[in-house]
Amino acid sequence: ATSERYAVRRLPFARLGDSDVAFFERVMPGRVVTGEEEVKPFNVDWLKSVRGCSQLVLKPQTTAEVSQVLRYCYEKNLAVTPQGGNTGLVGGSVPVFDEIILSTALMNRVISFDKVSGILVCQAGCVLERLSEYLEEQGFIMPLDLGAKGSCHIGGNMATNAGGLRLLRYGSLRGTVLGLEVVLADGSAVDCLASLRKDNTGYDLKQLFIGSEGTLGVITAVSILCPQKPKAVNVAFLGCQSFAKVLETFTTCRAMLGEILSAYEFMDEKCMELVERHLKLSSPVAGSPFYVLIETSGSNSAHDEEKLNNFLEQATASGLVTDGTVATDDKKIKALWSLRERITEALTHEGYVYKYDISLPVGRLYDLVTDMRARLGQSAKRVVGYGHLGDGNLHLNITAESYSHSLLDAIEPFVYEWTARCSGSISAEHGLGFKKKQFIQYSKPSEAVALMQRFKAMLDPKGILNPYKTLPSAPESSTR
Ligand code: FAD
Ligand code: MLT
Ligand code: ZN
């Protein structure tokens, strides 16, 4: 069997038999999903751009059950795809062929929360938004937030090293995650679920699993440091007349807002058209080629408002921003955030979406959008740019009525070559998954890829965990 678009060959894993299903039924009675219709939603990714043909979804509730499943699969040479909320954007969360889907949907228990240290320990299948709600009741927040919060699982966030909307303030998961519990391919469980801010005993193994996209182990539980809930939050949504002004507004606001700045996001006018047209959202700020969303979070509303107002006065007086609005109440804050957060959803209404998630020197961020627009001309429906400007992360998205090989050839490898010339990264936060793994060399030297392959071979010698993902396949089987 060969996947048509990518021409990947199925590796010689065993095929699922009745006795395997019977074994899993004994391990987790009633939590074994079979039947084409029932399994279908787990076989298709959020973007509906890749599709597997698994016949089995397993829903363990405990680490011991995950261990039993993997020990068995390892012995029998059955391939497994770990799946959280299935919101991943690079085709990593669904099988390529008939891999068994190991879903964390029922591993959704909070294990502990310490209000003094702010350390949360929970199972991997907790939905991010549920964790946020749980913490907010106790005066804390999660250190990460993303548009997929209502569906994505914290284990999936770890496995992709998700960035999102709060990274500018609270940093990457590589800093806020204190510990992980992981089950390896052979079924052995590794408990590194430390709840300590400081721990220098040996190598930091959890880092290997953060961002490993289900290829090195199944994350079963997480320990994470959570910040205090800010007492005052403000959002300013502003219009800028050029990308140069977006950049200058960033440097000005960083200087004037200092420690209270918690997000700096941008979107171009084409993104605004999309959320207005497809989602019927209305923006109080209109008529600008670029928009920025600035969030402040602090502990003293009078102090924060004074700082924000000073900044806005200066930005307006110097012509950096030409229009804008400020929100202090929850409802308006949410409405302004929706304009930015829901671009991903709006794009899917356009037809097929070619998604690129690029890290670049911030000054060059929008040049890639402009160059791509000029290159593609009428062959694309839209070429749009938005993203986490404060983190140097551009989301370049290209839409067309339907998938076309010739359009893909016009975009790739151009987009990756362009990025490599600027010493950027071809995946800032979404990972490589199935769609981008063959392009890793644009951002990593061959020695680094070879070392990654050695880690993979050591931790998963039979290669049963999320095969065909993240690392490039051998040249003879990658005829794309
Ligand atoms: P899945 O999609 O189920 O899986 C993703 C990968 O992780 C797969 O390779 C899977 O095999 C692996 N995996 C899942 N769970 C485990 C586990 N327990 N153990 C081992 N491997 C596992 N991403 C960002 O970084 N920033 C954003 O701002 C952002 N915004 C988004 C907005 C929208 C609307 C959508 C749809 C997606 C967005 N994403 C964003 C991408 C995606 O939501 C994140 O990557 C998220 O972290 C994936 O979590 P998930 O539970 O859905 O994982
Ligand atoms: C975002 O920042 O909105 C997400 O990463 C999703 C996307 O890139 O569309
Ligand atoms: Zn993003």
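Student: Which residue of S6 is the bridge partner of leucine 58?

Tutor: The general idea is that strands (DSSP E runs of at least two residues) and helices (H or I runs of at least four) are numbered from the N terminus, and that two strands pair if DSSP finds at least two bridges between them. In this predicted model, leucine 58 has leucine 102 of S6 as its bridge partner. Strand S4, residues 57–58, pairs with S6 in the parallel sense over two bridges.

Student: Before I go on, how are the residues numbered, and what pLDDT do local features need?

Tutor: Residues are counted from 1 along each chain as its sequence is written, while chains are lettered from A and ligands numbered from 1 in the order in which they are written. Because the model is predicted, local features need pLDDT of at least 70 and side-chain atom pairs count only at pLDDT 80 or more, though totals for chains, interfaces and linings use all residues, and side-chain values use heavy atoms, with hydrogens and water left out.

Student: Which strand pairs with S6 over four bridges, and are the residues of S6 buried or exposed?

Tutor: Strand S5, residues 80–83, pairs with S6 in the parallel sense over four bridges, and glutamine 83 has serine 103 of S6 as its bridge partner. For burial, the general idea is a scale of relative accessible area, where buried means under 20%, exposed over 50% and partly exposed in between, with a 1.4 Å probe and protein chains only. In strand S6, residues 100–103, Ile100 and Leu102 point one way and Ile101 and Ser103 the other way, and all are buried.

Student: In what order do the five strands of the open sheet stand?

Tutor: Reading across the open sheet, the order is S7-S8-S11-S9-S10, and the pairing is antiparallel. Strand S7 (110–114) and strand S10 (189–192) stand at the edges with a single partner strand each, so one side of each is left without a neighbour in the sheet. Within the sheet, five bridges join S8, residues 119–123, to S11, residues 218–225.

Student: Where is leucine 120 found, and which residues is leucine 120 in contact with?

Tutor: Leucine 120 is found in strand S8, and its bridge partner in S11 is isoleucine 224. Its relative accessible area is 0%, so leucine 120 counts as buried. Contact means heavy atoms within 4.5 Å; leaving aside neighbours within four places in sequence, leucine 120 is in contact with several residues, including Val110, Phe113, Leu131, Met142 and Val222. Leucine 120 and methionine 142 are 22 residues apart along the chain, and their C-alpha atoms are separated by 9.1 Å.

Student: Why does arginine 166 count as buried, and where is its place?

Tutor: Arginine 166 counts as buried because its relative accessibility is 18%, and its place is in the loop between helix H5 (154–160) and helix H6 (167–170). Leaving aside neighbours within four places in sequence, its contacts include Ile141, Asp145 and Ser262. Arginine 166 and glutamate 295 are 129 residues apart in sequence, with 9.6 Å from C-alpha to C-alpha.

Student: How many residues of strand S17 are buried, and which residue of S18 does tyrosine 386 stand opposite?

Tutor: Seven of the seven residues of S17, residues 382–388, are buried. S17 pairs with strand S18, residues 393–400, in the antiparallel sense over seven bridges, and tyrosine 386 stands opposite histidine 395. The hairpin of S17 and S18 has four residues between the strands, and there glycine 392 takes a positive phi near 65 degrees.
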